[in-house]
Amino acid sequence: MTLTAFPPPPPGADHDDLRQEVRAFLAEELADFPPEKRAESWNGFSRDFSRRLAQRGWVGMTFPEEYGGHARSALERYVVSEELLAAGAPVISHWIADRQSGPLILAKGTEDQKHQIVPRIAAGELCFCIGMSEPDSGSDLAATRTLATDVEGGFRVNGTKVWTTYAHVADYMILFCRTGKSEDRHGGMSQFLIDLKATENIQISPIIDLGGEHHFNQVIFDDTFLPSDALLGEKGEGWSQVMSELAFERSGPERFLSSFALIEELIGVLRQDATEAQQAEIGRLSAHLMVLRQMSRSVAGMLNEGKNPALQAAIVKDLGALFEQDIPRLARSLVSRPAVPGGGDSYAAVLAYTALAVPSFSLRGGTREILRGIIARGLGLR
Amino acid sequence: MDSMIHDMAERLFRDHVSHALREDAAAGHCPEALWTRIEEAGLHMALVPEEAGGFGVPAAEALRLVRIAGAHGLPLPLAETLIANAVLARVDLALPGGRLTIAEGAGLRLERRGTAVHASGPLTLVPFARWADRIVTIAALDGADHVLSLPVKDLTVAPAQDLAGMPRDDVKVDLALTEADAAPLPRSLGGMRGLGALVRSLATAGAMETILSMSVEYANDRVQFGRPIGKFQAIQHYLATMAGETAASRTAAEMAADSYDTPAFALTVAAAKIRAGDAAETVGALAHQVHGAIGYTQEHALHHFTKRIWSWRDEFGTELDWTRELGRAALSSPQGTFWHFITDSTAQGTPA
């Protein structure tokens, strides 16, 4: 059964020298970075940090040298990614561009787009956001209504995007919208590369999440003009272009390490003096983490070979979200200390932050229901 | 060569391991004729080095036979014989042929009496003991691990069984060993508990793949409310959950098999056994939910597989044994380095 087969990562995937370099860099960079900031995981934003990371050659690692990249393997990139997440480094400023927008532009973009944009991503200078969901199009992406119509010299866009993470600071957006009508539900969609700082008639307004944080935005396109060279890839091929990004988006270590700051806090509390029951729970947590990591590295190995392991990626994300969402419950079952937002004690503060963050883990990047539907299709049930 | 033995095993089991054969075995009859075919194919020697009579396939490939046997619910000690022969070959003891089994020897007492070594004590829940010619175990003599090859005819065997009706016998040992039956183990392969946990994890992964495909097939065939029940989202999500658990369990077992005979094995096998046990809970429960009442009958084949994965959870270290052991190791990592523990424990081992 191929669906349940996750071949081991290729020999040499550990890249121990690189890992030690990254650890040394992070130990210095994050020496004074407090646990409650680390708890933000990959939602933490720092342009300076992303730039310094890029100076070490650790952004755009897999991009070709011709476009400012470093021609390294997906598994080397994996080592850097997981070390950043385990340390709770503030990475979102470059994360989305490095993970999916850069690879998308490299795969589908024109030479001009590649030369103008990709080297700046690799320099850690550009923050990207993804304009995908709409008020009436969440899990049902094909219900997208935002429409780009052909006009002299380009397109005019009208519509509303929501839940657009970091649109308020991003430099570029990859917009997914309709460009025509089609018999096929998945036809008539396209992607655009939008320079948010240089485009008029785009209104970006905050949507505050239940933790009081401003990550999301609503983005309104009101007769927004895009030049014809903003089109990314083929007109009408947006659906299949988006689908080919998903294996990158869903299989990485950010799909099971989002609560890692709380795991470190929990283990810190238990390390001195754990009962047998507490030891057993940490043993179970360790086993699940070891296995998720192996599955995720397996997918990185498949991506490195140019395969499209979208199904395996859906499995990693589904299992990963269950794992990272369960950490606050586990912490509460082992340690009797209440969650206190911004509390003086780092355990209390990290528990509070993480408890409020976890509901989003099975929503973002494809809901649990969508992922299970994809897996069911892979099993031959649809 | 690798895929040849897998194909051979797959064909052999597909042709000969039927529901009737599994029923018959659960009723206490050893399928002798099938064992003869397994020996003729040489499958029982796959984990032995070439110079000791094996085929020279890599360990992880040889161990894949265990997953295949698990997928067919093979009611014979093939996994046990594979491990027993590998351990005997490691210490240059004779490979006796025939059906062998393995046991944890922690309850055994070894003492020198003149030039002989006397072994005494209980071995509990020994898989297939009454169908085996010899029990291979590891026990301590003068503070060092020794491999023992115990002839079953000289032991007292009290029959007992696991949830699936497979022999799990209580054995009393009280005999003098000659040099031909005992040898010091120079470097631990992980102990019998670890090796047993490895094969149970692999067999669990195989059995769960069969359970998953039986469940998918049933969901596509069974019509209620005018359509196959597999068209209902609730059922689809059960099956998707089963697929995820099965994949995780297989990945974990293969990770342990890949680190067989390396220092990484001690922790990867713990993770494999724990993950298999957790998955057995979910996969077993959901498979029966999908199958409805027919799956709860003796007549339907499902129970041979679900009862096996439930039994295997408790063998060669219960989940509680293994979670405590892995947890103690994790908690002994220095402050702030739990992540290093995870990366080190899943690092690719250097083959010995």
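**Exercise 1.** Determine whether Phe45(A) is buried, partly exposed or exposed, and describe how the ring of Phe45(A) is arranged with that of Tyr166(A).

*Solution.* Step 1. Phe45(A) has a relative accessible area of 30% and is partly exposed; buried means under 20% relative accessible area, exposed over 50%, and partly exposed in between, with a 1.4 Å probe and protein chains only. Tyr166(A), at 7%, is buried. The model is predicted, so local features need pLDDT of at least 70 and side-chain atom pairs pLDDT 80 or more, whereas totals for chains, interfaces and linings use all residues. Residues are numbered from 1 along each chain as its sequence is written, chains are lettered from A and ligands numbered from 1 in the order written, and side-chain values use heavy atoms, without hydrogens and water.

Step 1. Rings of Phe, Tyr and Trp (its six-membered ring) pair if their centres lie within 6.5 Å; planes under 30 degrees apart count as stacked, over 60 as edge-to-face and the rest as tilted. The structure holds 12 aromatic pairs over all chains. For Phe45(A) and Tyr166(A), the centres are 5.5 Å apart and the planes at 15 degrees, so this pair is stacked.

Step 2. Phe45(A) belongs to the loop between helix 2 (35–38) and helix 3 (47–55) of chain A, and Tyr166(A) to the loop between strand 3 (154–161) and strand 4 (172–178), so the pair ties together parts 121 residues apart in sequence. Helices (H or I, at least four residues) and strands (E, at least two) are DSSP runs, numbered from the N terminus.

**Exercise 2.** How are the rings of Phe338(B) and Phe341(B) arranged, and where do these residues lie?

*Solution.* Step 1. The ring centres of Phe338(B) and Phe341(B) are 6.2 Å apart and the planes at 20 degrees, so the pair is stacked.

Step 1. Both residues lie in helix 11 (residues 338–345) of chain B, 3 residues apart, which is about one helical turn.

Step 2. Phe338(B) and Phe341(B) form one aromatic cluster with Phe260(A) and Trp339(B).

**Exercise 3.** State how many residues of helix 5 of chain B are buried.

*Solution.* Step 1. Helix 5 (residues 78–90) of chain B has 13 residues.

Step 1. Of these, 12 are buried, so the helix is largely enclosed by the rest of the structure. Among them are Leu78(B), Glu80(B) and Asn85(B).

Step 2. Asp92(B), which follows helix 5 of chain B, has a positive phi, near 60 degrees.

Technical notes. Expected span 1.5 Å × (residues − 1).
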